[in-house]
Amino acid sequence: MTTSFIETQPIAAGLIEAENTRRAGVLEREYDLLGEKLARGGIDIEAVKREVSKFTVAVPSWGVGTGGTRFARFPGPGEPRDVHDKLQDCGVIQQLVRCTSGVSLHFPWDWVDDFAALRDEGAQLGLHFDAVNSNTFQDRPGAALSYKFGSLTHTDPTTRAAAIEHNLACIEAGKQLGSQAITVWIGDGSSFPGQQHFRRSFERYLQSARRIYDALPADWRMYIEHKLFEPAFYSTVIQDWGSSLLAAQTLGPKALCLVDLGHHAPTVNIELIVARLIGCGKLAGFHFNDSKYGDDDLDSGSIQPYRLFLVFNELVDAARDRAAGFDPAYMLDQSHNVTDPIESLMLSGATVQRSYAQALLVDRAALDAYQDANDALMATQTLKAAFETDVSPIVQRVRLEAGGAIDPLAVYRASGYRRRMAEIRPKSSGLGGGIV
Ligand SMILES: [Mn+2]
């Protein structure tokens, strides 16, 4: 017996339809009102909606499980047991928000024997596979060599070779999944001054990364992800966008710099870094999240929504200017410790989409003129005017027209999905801390 696409969806289509019907009237009035307001400023709301409808942000497979801190992990009910459960949870998110069709796998966590079958399984849920992620920041049980003192930059060439081999295996898996990029983040670094030779460790990184780069298929890209600190507390080999850019420029055109919003010092101007990377054609894309102190991995836009908007302001500006090589990949990278991960990822996907919609409203001709005239006040007001516009009717309408939910959270809670999963999936262990 064959099952149709509708039957394989985790949330009942009838429920989404019923909840949407209750909200459709109000949405229509709010959309029309916003359309009139935008038209007065010369903006066609339908054109904005069309742009927003093309926007997607990938979901990390590890995001649907409860994360953890350095101190403990408090698992929630109905946690995914394996990559198949994770895909189903990602399917729920995509079914309701309709802008998260990509899923990013992490190896060896998500390793399976049959990746072609996994690709089909994803397709049944309306999902495709985004960048694959290698993991050389922890040891596999029973592994002969340890990454305790580094992986791609380890002082021991045999350990470096093992780390390279793992990355090559990730590329092979990704080929079968239909991925076109590998994201490489290493935890390599040092916790004490003098522990690691700065220049030599970077040289070792370049040599190892070269081996991975050379194994990339023609249509693949390698995303280099930098991070200020953690797990190393004194230095990391790829610490900042400067190190990342040096590596990407040394390796070649397929190597690009990935910006994880949480991987910078608290006061760093991330939107400026984004502009610099765009300027030299080396922006890979993003890992979206938010933070107050460090790599907090909080929900996107939960702490600094204006910063998220300012990042998108640079992206929309670059798209308008048709910046060379500009084709950023978008992904969420968050750790959910006190919320239902599905709820956090749904709202975060919608928040990122909202920031994009707001950035599309910036009057760029006016902004150009204010910048040229050195009118600081009006220039900044031009950005503020877009940021302060409530674009909810646009993103809701985009979801509705794509078959999603006007109010994804309400539908998800009404569906009882988490309760059902808690009955099917055994409670996972709370033992073992660790940032995942
Ligand atoms: Mn990241």
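Helices here are DSSP runs of H or I with at least four residues, numbered from the N terminus. The model is a predicted one, and the tour begins with helix 2, residues 45–53, where Ile-45 has its place.

If neighbours within four places in sequence are left aside, Ile-45 is in contact with Leu-34, Gly-35, Leu-38 and Ile-394. Leu-34 is 11 residues from Ile-45 in sequence, and their C-alpha atoms are 7.8 Å apart in space.

Ile-394 leads on to the largest nonpolar core, which has 103 residues, and Ile-394 is listed with Ile-93, Tyr-223, Ile-224, Cys-257, Met-346 and Ala-359 as touching the most other members. Next select helix 10, residues 341–360, which gives the most to this core, with 10 residues. Then centre on Met-346, which, not counting residues up to four places away in sequence, touches Ile-93, Leu-96, Val-97, Pro-408, Leu-409 and Tyr-412.

Finally, select helix 11 (residues 364–372) together with helix 12 (residues 376–387), which pack at an angle of about 160° with their axes 8 Å apart. The two helices are therefore roughly antiparallel to each other, angles over 145 degrees being counted as such, and their crossing is left-handed. Helix 11 makes the contact through Ala-366, Leu-367, Tyr-370 and Gln-371, and helix 12 through Met-378, Ala-379 and Thr-382; these residues comprise five nonpolar, two polar and no charged.

Key:
Residues are numbered from 1 along each chain as its sequence is written. This is a predicted model: local features need pLDDT of at least 70, side-chain atom pairs count only at pLDDT 80 or more; totals for chains, interfaces and linings use all residues. Axes are lines fitted to C-alpha atoms, for helices over the stretch in contact, and angles run from 0 to 180 degrees between N-to-C directions. Angles under 35 degrees count as roughly parallel, over 145 as roughly antiparallel, 65 to 115 as roughly perpendicular and the rest as oblique. A crossing is left-handed if the near helix is turned anticlockwise from the far one by less than a right angle, and right-handed if clockwise. Two residues are in contact if their C-beta atoms, placed from the backbone, lie within 7 Å. Ala, Val, Leu, Ile, Met, Phe, Trp, Tyr, Cys and Pro count as nonpolar, Asp, Glu, Lys and Arg as charged, and the others, Gly among them, as polar. A nonpolar core is a set of buried Ala, Val, Leu, Ile, Met, Phe, Trp, Tyr and Cys residues joined through C-beta atoms within 7 Å. A residue is buried if 20 or more other C-beta atoms lie within 10 Å of its own, exposed if 12 or fewer, and partly exposed in between; C-beta atoms are placed from the backbone.
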